[in-house]
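Please keep the sequence and the structure in view while reading.

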Amino acid sequence: MRIAVIGTGYVGLVTGTCFAETGNKVVCVDVDSAKVNKLSAGQITIYEPGLEKIFLRNIKEERLRFTTDLAAAIQEAEIIFLALPTPPGADGAADLKYVLGVAEELGKLLSAYKVIVNKSTVPVGTADKVSAAIAKNYTGEFDVVSNPEFLREGVAVDDFMKPDRVVVGTRSERARKLMSELYAPFVRQGNPILFMDERSSELTKYAANSFLAMKISFMNEIAQLCERMGADVDMVRRGIGSDERIGKRFLFSGIGYGGSCFPKDVQALVRSASEVGYDFKILQAVEKVNASQKLHLVEKIKAQYSGKISGKHFALWGLAFKPNTDDIREAPALSIIAALLQEGATITAYDPEAMQAVKNALGDSIRYAPSQYQALAGADALIIATEWSEFRTPDFERIEKLLPAKLIFDGRNLFEVAKLQAMGYRYISIGRPQ
Ligand code: NAD
């Protein structure tokens, strides 16, 4: 099939590349000409495990290309995917200006039947709005389909190639047939394509992300109780996770959820609910818990120094909002950095992939180290904010030499408490005995 993907960020690039990998001819469009030039030159613009290899292969096979020219890109496409940003507006609602702006442009460019598929996370009713925006300038036939994306950054290629399920919101038989054909190679193992109406599909995405965010905030509140009651959140997690009704995944306590999706999607669903007169109480609590949990480690750091951290110097391991990505959007590490700098502390940070993004955002307000160990030089303590694998089994003898204070604040519970204590570390983590 011939496919156009509009918006070539995390979702658009993975979507375009994976569809090319299953034999389709894909053209990815973006307004960012620097990005398009880089991609056209075979340089990948995001860090995502496994992506570069298939990206390069499909460019070579001439199944994948990049352009800024929307009009040319959509001419031959049977299916047009929208993978555009939907950032929160001032009131927390998803801002649809990119999606509706492109929809209006499409209306001016369409001349034959096409399926326009929305992959962006959008509020219920957006498919209707996209249809109306196209119909302003185009009276021919077209279908607008909702096809929310569930990939996780860090494992995006795997998630896309082997999705747990594909959700497709459409009431058009013609669009349904095309979508079934397109996704057939991705559901060969019996994972379902769930067809439903557009509104249910749009809400499914928000419900999924909000539920997962709720699990995280719930466990973070259990961790708070553990700290006050002398229980160990790791034990409680195992105790409840072995119950099939609860499940083992997404039960880790830490320093809160971040990233480009959970915070904005929870906020947007709260807002959408209030627009239809419903007060989504659980989700408001989820947000509140997360905001305070992001700073929970800072409270522990301050408590360790009787409230005075001015002049202290910290090594910070991990900047990305989660491992295996260079994405720092809403990363808890950034909240920790801001709070520590505000209190007059200084920081040297290390992250395997996200350092450039932080340099772009924060400049020289903190220092950057070329390795996790070099970050420790001259530090009063080590803070861990992202659970990269390479932080999980570090060389503790080396750490001890560089960090004589032997003080670690771990926001991701990477190490065994007893082991660290036996090595003489003061090890402060989340929801576990100190
Ligand atoms: P992103 O910011 O990484 O990428 C968006 C891209 O769209 C950018 O490259 C931008 O330059 C481009 N763009 C903006 N306006 C454009 C226009 N008029 N024409 C062409 N290109 C344009 O965003 P993302 O993380 O890929 O997210 C896209 C959507 O997918 C959002 O709604 C998000 O909520 C949703 N989503 C994201 C993830 C994720 O893990 N990142 C997962 C599932 C769903």
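A pocket is here an open set of grid points with protein on both sides within 12 Å along at least five of seven lines, and its lining residues are those that have an atom within 4 Å of a point. The model described is a predicted one.

By that definition, the second largest pocket is lined by 15 residues, and those that lie nearest its centre are Pro 123, Val 124, Ser 272, Ala 273 and Glu 275. Its volume is about 300 Å³, and its lining is made up of 10 nonpolar, 2 polar and 3 charged residues. Two helices, H6 (126-135) and H11 (262-275), each supply at least two residues of this lining, and H11 gives the most to it, with 6 residues. Because domain 1 (2-162) and domain 2 (205-292) both give residues to the lining, the second largest pocket lies between them.

The ligand is surrounded by 26 residues, of which Asp 30, Lys 35, Thr 86, Glu 153 and Lys 264 are the closest. Sorted by class, this shell has 11 nonpolar, 7 polar and 8 charged residues, and at least three of its residues come from each of domain 1 (2-162) and domain 2 (205-292).

| Residue | Protein atom | Ligand atom | Distance |
|---|---|---|---|
| Val 11 | backbone N or O | oxygen | 2.8 Å |
| Val 31 | polar backbone atom | nitrogen | 3.5 Å |
| Arg 329 | side-chain N or O | oxygen | 3.1 Å |

Taken alone, the ligand exposes 830 Å², and the protein buries 87% of that area. Helix H1 (10-21) and helix H5 (97-109) are the elements that give two or more residues to the shell around the ligand.

What lines the largest cavity? Its lining consists of Asn 118, Ser 120, Thr 121, Val 122, Ser 146, Asn 147, Pro 148, Glu 202 and Lys 205, which divide by class into 2 nonpolar, 5 polar and 2 charged residues. This cavity has a volume of about 40 Å³, and the structure holds 1 cavity of 30 Å³ or more.

Conventions
Residues are numbered from 1 along each chain as its sequence is written. This is a predicted model: local features need pLDDT of at least 70, side-chain atom pairs count only at pLDDT 80 or more; totals for chains, interfaces and linings use all residues. Side-chain values use heavy atoms; hydrogens and water are left out. On a 1 Å grid over the protein atoms alone, a cavity is a set of points where a 1.4 Å probe fits but cannot get out, and a pocket is an open set with protein on both sides within 12 Å along at least five of seven lines; lining residues have an atom within 4 Å of a point. Grid points are joined across faces, edges and corners, and a volume is the space filled by probe spheres set on the points. Helices (H or I, at least four residues) and strands (E, at least two) are DSSP runs, numbered from the N terminus. Ala, Val, Leu, Ile, Met, Phe, Trp, Tyr, Cys and Pro count as nonpolar, Asp, Glu, Lys and Arg as charged, and the others, Gly among them, as polar. Domain bounds come from an automatic or database domain assignment. A residue is near a molecule or strand if one of its heavy atoms lies within 4 Å of it. A polar contact is a pair of N or O atoms within 3.5 Å; within protein, one must be able to donate a hydrogen and the other to accept it, and residues adjacent in sequence count only if both atoms are side-chain atoms. Accessible areas come from the Shrake-Rupley method with a 1.4 Å probe; for residues, only the protein chains shown count as cover.
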